Amino acid sequence: MHIAQGVMKAINVNKLTSAGCKVKIWIADWFAKMNNKMGGDLKKIQTVGRYLIEIWKAVGMDISDNKVEFLWSSDEINARAAEYWPLVLDIAGRNTLSRIIRCSQIMGRSEQDDLTAAQIFYPCMQCADIFFLKADICQLGMDQRKVNMLAREYCDDIKRKNKPIILSHHMLSGLQQGQEKMSKSDPSSSIYMEDEENIVNLKIKKAYCPPKQVKDNPCLEYIKYIILPWFNEFNVERAPENGGNKTFKTFEELTADYESGELHPGDLKPALAKALNKILQPVRDHFTQNPVAKDLLKRVKGYRVTR
């Protein structure tokens with residue numbers, strides 16, 4: 001899991017629960033199987049699902065007082081099949097094949113990919129999930145927006161007034177130049193939740209961060225979407241001759257110094273790495289000290305090699 005899935009997910013969930021929402025997290029094991037994750041091996045997929053839950057708990061997702069409910073798609077769909085499948089079929093029957101294929105981005109696929117029949121059915125099921133889970137708000141990334149809009153269009157078709165609210169979060173770019181999105185398959189593009197401190201330091205050191213350039217700067221994106229929401233500030237330690245230590249409270253304050261050249265990448269990068277390591281240390285501790293979590297991580301790392 002990379003930090004967009006781990007840290008950003010925790011930030012977004014905690015914002016919602018602190019506002020009084022109850023959050024349902026859909027562990028989409030069947031969907032991963034349909035998309036041929038882990039070679040379509042459901043047992044491996046469910047092991048990965050348990051690993052994801054351990055990370056969210058360890059990083060600080062507030063799951064107290066039943067604020068967050070983890071639901072496995074295979075269990076819930078099997079338990080309420082008579083409710084679920086007629087809904088899926090109704091959505092499928094009201095949309096053309098080309099309309100469904102336009103949603104293929106939700107699986108990390110493009111419209112030009114050679115999709116299996118299961119992958120074509122996937123958007124219909126994900127759309128149905130929203131109504132099946134009785135969700136008022138859909139909190140997903142911008143890459144899932146097309147299927148969320150499909151759900152709102154379906155409400156028009158069935159004359160339903162209460163459409164789901166689409167609350168889409170920003171997609172973090174990769175750490176290298178020109179990478180629009182993090183990739184789990186490219187270690188250089190992202191920070192993983194279980195990366196050791198020296199690995200985080202090295203990845204940030206090598207990250208694209210041109211002086212005085214704010215646009216398309218992944219290091220500044222990390223600060224905007226992860227560090228500032230997490231700590232409510234960004235601390236930079238530097239020598240007196242380079243301006244001395246400084247604490248930034250807003251992204252606007254940070255970018256003003258960066259664009260002017262007062263804040264140099266050579267000072268920003270170590271500060272970013274230090275802040276990221278502070279967030280990730282409880283996760284490292286959990287997967288080192290907790291026997292269940294340690295075993296899950298070992299098995300998941302093994303899948304990366306054998307899948």
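Among contacts in the protein chain between residues at least 6 apart in sequence, what percentage join residues at least 24 apart? The figure is 68%, where contact means heavy atoms within 4.5 Å.

Before I continue, a word on the basis of these values. This is a predicted model, in which local features need pLDDT of at least 70 and side-chain atom pairs count only at pLDDT 80 or more, while totals for chains, interfaces and linings use all residues. Residues are numbered from 1 along each chain as its sequence is written, and side-chain values use heavy atoms, with hydrogens and water left out.

I begin with the overall fold. The protein chain has 13 helices and 6 strands; these are DSSP runs, helices being H or I with at least four residues and strands E with at least two, numbered from the N terminus. The radius of gyration is 21 Å, close to the 19 Å that the globule rule gives for 307 residues, so the chain is as compact as a globular protein of that length. That radius is taken over C-alpha atoms, and the rule is 2.2 Å times the number of residues to the power 0.38. The C-alpha trace spans about 70 × 45 × 40 Å along its principal axes. Of the 307 residues, 46% are buried; buried means under 20% relative accessible area, exposed over 50%, and partly exposed in between, with a 1.4 Å probe and protein chains only.

Next, the interior. A nonpolar core is a set of buried Ala, Val, Leu, Ile, Met, Phe, Trp, Tyr and Cys residues joined through side-chain atoms within 4.5 Å. The largest has 64 residues, of which Ile3, Tyr51, Phe234, Leu268 and Leu276 touch the most other members. Helix 12, residues 265-289, gives the most to this core, with 10 residues. Domain 1 (3-169) and domain 2 (197-302) both contribute residues, so the core lies between them; the domain bounds come from an automatic or database domain assignment. Not counting residues up to four places away in sequence, Leu276 touches Ile3, Ile191, Val200, Ile204, Tyr222, Ile226 and Ile227. A second, separate core of 27 residues includes Leu71, Ile91, Cys103 and Leu133.

Helix 12 also holds Lys269.

I turn now to salt bridges, each defined as a side-chain nitrogen of Lys or Arg within 4 Å of a carboxyl oxygen of Asp or Glu. The whole structure contains 12 of them. One joins Lys274 and Glu237, with the closest N and O atoms 2.9 Å apart. This pair links distant parts of the chain, 37 residues apart: Lys274 is in helix 12, and Glu237 is in the loop between strand 5 (234-236) and strand 6 (246-248). Lys274 is exposed at 51% relative accessibility, and Glu237 is exposed at 53%.

Another salt bridge, between Arg80 and Glu83, has an N to O distance of 3.0 Å. Arg80 is partly exposed at 26%, as is Glu83 at 36%. Arg80, Glu83 and Lys134 are linked in a network of salt bridges.
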